[in-house]
Amino acid sequence: MSAPINLSQVRTAWWLPGLLLMLLFSLSACQPVQTPAASAIPAFTIAVSDETVSAPEVVPGGIVRVTIQNNSSIPMDIGLARVLEGSTPEEVIALAQGGEEAFIPLLTKASFLPSVNPVDPGAERWFYVDLRTGVFVVDAAEHVEGVPGAGALHLNAVFSADEIVGTTEPVADVAVDMVNFAYVMPDEIQAGPQLWQFTNSGEQWHMMFVVDLAEGAGVEDVMAFMGDPAMAPAGPPPFEILPDAGIPPIGVGERAWLEFSLAPGEHLIGCPIPDTAAIFAGEMPMSHIEHGMVKMIKVK
């Protein structure tokens, strides 16, 4: 549920299910800005070893802080998913282990929450997320460049949130509403550590990557590189993806808070995942960027 793919795969396989796992960055390991609101938010920890994933069987519902610890000997890709109504954790786990061919069916069974990719041995990452209530699956797999194939080792845990406990909203510095197909957010952001709130108000899953453009490059150049591979220019991409910024794909209605720091300057943000409505209709999908889900922001 949480493997990245590289840019060469992006260019040649927009319509492949493997792109649905695209995480071109890892989440920031910074500590949260400590505020009175943050201290009132319930928390729990998920720990991954070489053999198991440990998580409480029942966790507080509502807004919580999740810490993910990698106590294993290898870098791990670790993600959370909400089990959708009418589905079971066993179905989600089986599909998550089925490689890219199983990924479209997985979208009908699970809604993605934040993922952390990769988490180095001995490291930990954190985020806030609005669990609401429900049943959830943790999926941990060895970090690979690309999509893990069918049969790759996955470690899993299942937990539930039965009661709303966390009702305190983190104090966000930046609010981003992801809709179909646009970002509703400020045009100017303060530099330095900021707590970003992401809300998926759209009808599909969405993500946000952050890139620095090469000198003279613009939105059209990024779209040309990430669009139809037959029309893409030769050579390296005209941008550099920032490794500790943005959010991996999250499902419809999900909310999460992450802290990361952007340097002053202009940055491009975008959602490169494919149009799942087209996929389910049996059509060749365009990326969300090609639909216009791309924006320039200024960091002061």
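The following legends describe several close-up views of a predicted protein model.

**View 1. The predicted model as a whole.** Residues are numbered from 1 along each chain as its sequence is written. In this predicted model, local features need pLDDT of at least 70, side-chain atom pairs count only at pLDDT 80 or more, and totals for chains, interfaces and linings use all residues, while side-chain values use heavy atoms, with hydrogens and water left out. The pLDDT, which is the predictor's confidence in each residue on a scale from 0 to 100, averages 84 for the protein, and 82% of the residues score at least 70. Residues 2-36 have a pLDDT below 50, yet this stretch has 132 contacts in the model beyond near neighbours in sequence; a contact means heavy atoms within 4.5 Å. Where pLDDT is low, the predicted coordinates should not be read in detail. The secondary structure comes to six helices and 19 strands; these are DSSP runs numbered from the N terminus, with helices (H or I) of at least four residues and strands (E) of at least two. Of the 300 residues, 55% count as buried, where buried means under 20% relative accessible area, exposed means over 50%, and partly exposed lies in between (1.4 Å probe, protein chains only). Among contacts with a separation of 6 or more, 76% are between residues 24 or more positions apart.

**View 2. Strand E3 and its partners.** Strand E3 spans residues 61-70 and is joined to E6 by seven bridges, the two strands running antiparallel. Two strands are taken to pair if DSSP finds at least two bridges between them. Strand E1 (residues 43-48) pairs with E3 in the parallel sense over six bridges, and isoleucine 46 has isoleucine 68 of E3 as its bridge partner. Because nine of its ten residues are buried, E3 is largely enclosed by the rest of the structure.

**View 3. Strand E6 and the contribution of E17.** Six of the seven residues of strand E6 (residues 124-130) are buried, so this strand is largely enclosed by the rest of the structure. Besides its antiparallel bridges to E3, E6 pairs with strand E17 (residues 255-262) in the antiparallel sense over two bridges. Tyrosine 128 stands opposite tryptophan 257 in E17.

View 4. Arginine 132 lies in the loop between E6 and strand E7 (134-142). Its phi is positive, at about 55°, although arginine 132 is not a glycine. With a relative accessible area of 32%, arginine 132 is partly exposed.

**View 5. The largest pocket.** A pocket is an open set of points, on a 1 Å grid over the protein atoms alone, with protein on both sides within 12 Å along at least five of seven lines; its lining residues have an atom within 4 Å of a point. The largest pocket has a volume of about 210 Å³, a volume being the space filled by probe spheres set on the grid points, which are joined across faces, edges and corners. Its lining includes Leu84, Leu107, Phe112, Glu203, Trp205 and Phe280. Strand E5 (110-119) and helix H6 (276-280) are the elements that give two or more residues to this lining. The largest share, three residues, comes from E5. The lining divides into seven nonpolar, four polar and one charged residue, where Ala, Val, Leu, Ile, Met, Phe, Trp, Tyr, Cys and Pro count as nonpolar, Asp, Glu, Lys and Arg as charged, and the others, Gly among them, as polar.

**View 6. Leucine 107, a residue of the pocket lining.** Leucine 107, one of the residues that line the largest pocket, is placed in helix H4 (residues 103-107). The residue is buried, with a relative accessible area of 15%. Leucine 107 and valine 92 are 15 residues apart in sequence and 9.2 Å apart in space, C-alpha to C-alpha.

**View 7. Two cis peptide bonds.** Asparagine 117 and proline 118 are joined by a cis peptide bond with an omega of about -15°, and proline 118 lies in strand E5. Another cis peptide bond joins asparagine 180 and phenylalanine 181, with an omega of about -5°. Phenylalanine 181 is placed in the loop between strand E10 (174-179) and strand E11 (182-184).

Technical notes
1 Å grid on protein atoms, 1.4 Å probe; cavity = no way out; pocket = protein on both sides within 12 Å on 5 of 7 lines; lining within 4 Å.
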